[in-house]
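Please look over the protein shown here before reading on.

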Amino acid sequence: MTVVLGFDTATPHTVVAVVDGDREPVELRHVPAPGERPGHAEQLLPLARRALAALGLRFADVRRLAVGVGPGTFTGVRIGVATARALAQAGGADAVPVGTLHALAVAAGHDGPVLAVLDARRGEAFAAAWSGAELLVEPVAVAPERLGALVEGGGEPWRAVGDGAIRFRGQLEAADVSVPPDTSPLHAVSAVATCRLAADGDAVAVARLVPCYVRAPDAIPATRRRL
């Protein structure tokens, strides 16, 4: 059986999972306290060690790495991708990039179309949509008032999940999109879903394991700023 270690750091949560064949998956998560900065750099590897140890495994047993490549927070995505690159180079495991919005969508528990939405800050949302395995809307950064336009057409009921679905509930429900209660775990990225997607995904060379930012970074290097 192929041991898959998956993680996603594109949101404030640091979430890690291990999937080992038919055994019950293990998923661990660090959620920063209100006002606390995300703990991706400090939490990711310790959580991975704990998740592997829970199944009696070590990093050397991992044959496939599933990493959430965003979109999401720029620093978080970079930490996740850099960690996956280092682990793949050290242990020789295959590396598979998985879209953060895709992982959200497949874990939404909905038979119809799903809009995955993350709060992108700067007055925007990251969003993408799937119906089963079919991609309906490519990942985009949009103004909240444009979210309704992404779900126009078709007669099937839509569901939206993600922290952006919580924040922009009003705009989504006005477009007849159902949004689970704010406390629903469906709004948090599942690393188990990341692992499941990677099981059928194509591995890439370490050099091709790159973030999916969708839009330009918040911070602009000084050499690129206009004086």
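What follows is a set of questions and answers on this model.

This is a predicted model, in which local features need pLDDT of at least 70 and side-chain atom pairs count only at pLDDT 80 or more, while totals for chains, interfaces and linings use all residues. Residues are numbered from 1 along each chain as its sequence is written, and side-chain values use heavy atoms, with hydrogens and water left out.

Q: How many helices and strands does the protein have?
A: Helices (H or I, at least four residues) and strands (E, at least two) are taken as DSSP runs and numbered from the N terminus. Counted in this way, the secondary structure of the protein comes to six helices and 10 strands.

Q: Why does the protein count as being as compact as a globular protein of its length?
A: The radius of gyration is taken over C-alpha atoms, and the globule rule is 2.2 Å times the number of residues to the power 0.38. For 227 residues the rule gives 17 Å, and the protein is as compact as a globular protein of that length because its own radius of gyration is close to that, at 17 Å.

Q: What share of the contacts in the protein, between residues at least 6 apart in sequence, join residues at least 24 apart?
A: Contact means heavy atoms within 4.5 Å. Among contacts between residues at least 6 apart in sequence, the share that joins residues at least 24 apart is 65%.

Q: Which two residues form the aromatic pair, and what is the angle between their planes?
A: Rings of Phe, Tyr and Trp (its six-membered ring) pair if their centres lie within 6.5 Å, and planes under 30 degrees apart count as stacked, over 60 as edge-to-face and the rest as tilted. A search of the whole structure finds one such pair. The pair is tilted, with 5.1 Å centre to centre, and is formed by Phe74 and Tyr213, whose planes make an angle of 50°.

Q: How many residues apart in sequence are the parts that this pair ties together?
A: Phe74 lies in helix 2 (residues 74–91), whereas Tyr213 lies in the segment after helix 6 (191–199). The pair therefore ties together parts whose separation in sequence is 139 residues.

Q: Is Thr194 buried or exposed?
A: Buried means under 20% relative accessible area, exposed means over 50%, and partly exposed lies in between (1.4 Å probe, protein chains only). Thr194 lies in helix 6, and leaving aside its neighbours within four places in sequence, the residues in contact with Thr194 include Phe7, Val98 and Val189. Since its relative accessibility is 0%, Thr194 counts as buried.

Q: Where is Val214 found, and what is its phi?
A: Most residues other than glycine have a negative phi. Val214 is found in the segment after helix 6, and at 36% relative accessibility Val214 counts as partly exposed. Its phi is positive although Val214 is a residue other than glycine, with a value near 70°.
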